[in-house]
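Subject: Structure for you to look at

Hello,

Please find the structure below, followed by notes on what was found in it. Definitions are given where a term first comes up.

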Amino acid sequence: MSILPPRRPLLQLTFLLPSCTLPIHCTPHRHESSARRTTKRLRPKQDKAAVPSHHETRDHIVFNPPSSAPSPYHTPLIFLPPNDPRRRLLAQAHAHANPYQDPERRLPPPVRKPYEKTYNLDQAQIAEMQRLRAEDPFKWTRTKLAEKFGCSEFFVGMAAQATKERMDWSKQLLENTKARWGRRRSNAREDRTKRREIWARDE
């Protein structure tokens, strides 16, 4: 049995050598390893001019537009000097903003057919509406009463309110519907309610 010599030198067959004999190249690197650090570095800082000072005793207007090219169409007149040429450009823009101000120019067609409000119900008809609503509120709904007397559902709601039984049934139906909502829809409705409360407080 003959032993054949290897075709390549043994030093080139590195997978046969022990790991301690291989050269080790260590280059230190530092990265943003956490998303929190990256988010913190990319978060823009709020300008101090946009925050009202605690020493101010009166309310005032703060005009702090985003960093972009200046435009006379975005700058209110109160912030422009009297002799500023941008006032002329802004006046020309307002003059051409609405081309239908010219009385000789025809307006586009209306979205729906124009109509006039009718006040054709007297006290007897309103009393009849209230009687039907009180007798069977589940049958005589706002829609049916509006069709019968030829008025709007809003007027029916003002003239003939639903009974306590009907309102309790509607509240129970709404609660049963809310019980089937998921977490996402419940949070969305809760946020909508909070936004309306903030709007009511003008915040």
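**Overall layout**

Read along the sequence, the chain runs α-α-α-α-α-α-α. That is seven helices and zero strands, where helices (H or I, at least four residues) and strands (E, at least two) are DSSP runs, numbered from the N terminus. The model is predicted, so to speak of a local feature a pLDDT of at least 70 is needed, and side-chain atom pairs count only at pLDDT 80 or more, while totals for chains, interfaces and linings use all residues. Residues are numbered from 1 along each chain as its sequence is written, and side-chain values use heavy atoms, with hydrogens and water left out.

Of the 203 residues of the chain, 11% count as buried. Buried means under 20% relative accessible area, exposed means over 50%, and partly exposed lies in between (1.4 Å probe, protein chains only). Contact means heavy atoms within 4.5 Å. Among contacts in the chain with a separation of 6 or more, 32% are between residues 24 or more positions apart.

**The nonpolar core**

A nonpolar core is a set of buried Ala, Val, Leu, Ile, Met, Phe, Trp, Tyr and Cys residues joined through side-chain atoms within 4.5 Å. The largest one here has eleven residues: Leu121, Ile126, Met129, Leu132, Leu145, Ala146, Phe149, Cys151, Val156, Ala159 and Ala160. Helices α3 (123–135), α4 (142–149) and α5 are the elements that each give two or more residues to this core.

Which residues does methionine 129 contact, leaving aside its neighbours within four places in sequence? They are Leu121, Leu145, Phe149, Cys151, Phe155, Val156, Ala159 and Ala160.

**The largest pocket**

A pocket is found on a 1 Å grid over the protein atoms alone, using a 1.4 Å probe, as an open set of points with protein on both sides within 12 Å along at least five of seven lines; lining residues have an atom within 4 Å of a point. The largest pocket holds about 370 Å³ of space, a volume being the space filled by probe spheres set on the points, which are joined across faces, edges and corners.

The lining of the largest pocket has 14 residues, and Lys117, Thr118, Tyr119, Cys151 and Ser152 lie nearest its centre. Helix α5 (residues 153–159) supplies the largest share of the lining, three residues. By type, the lining divides into eight nonpolar, four polar and two charged residues. Here Ala, Val, Leu, Ile, Met, Phe, Trp, Tyr, Cys and Pro count as nonpolar, Asp, Glu, Lys and Arg as charged, and the others, Gly among them, as polar.

**Salt bridges**

Side chains of opposite charge can pair when their charged atoms come close. A salt bridge is a side-chain nitrogen of Lys or Arg within 4 Å of a carboxyl oxygen of Asp or Glu, and by this rule there are five.

- Aspartate 84 pairs with arginine 86, with the closest N and O atoms 3.0 Å apart. Aspartate 84 is buried at 14%, whereas arginine 86 is partly exposed at 29%.
- Lysine 164 pairs with aspartate 168, also with a closest N and O distance of 3.0 Å. These two are four residues apart in helix α6 (residues 164–179), so about one helical turn separates them. Lysine 164 is exposed at 60%, and aspartate 168 is partly exposed at 36%.
- Lysine 194 pairs with glutamate 190, the closest N and O atoms being 3.7 Å apart. Both are in helix α7 (residues 183–200), four residues and about one helical turn apart.
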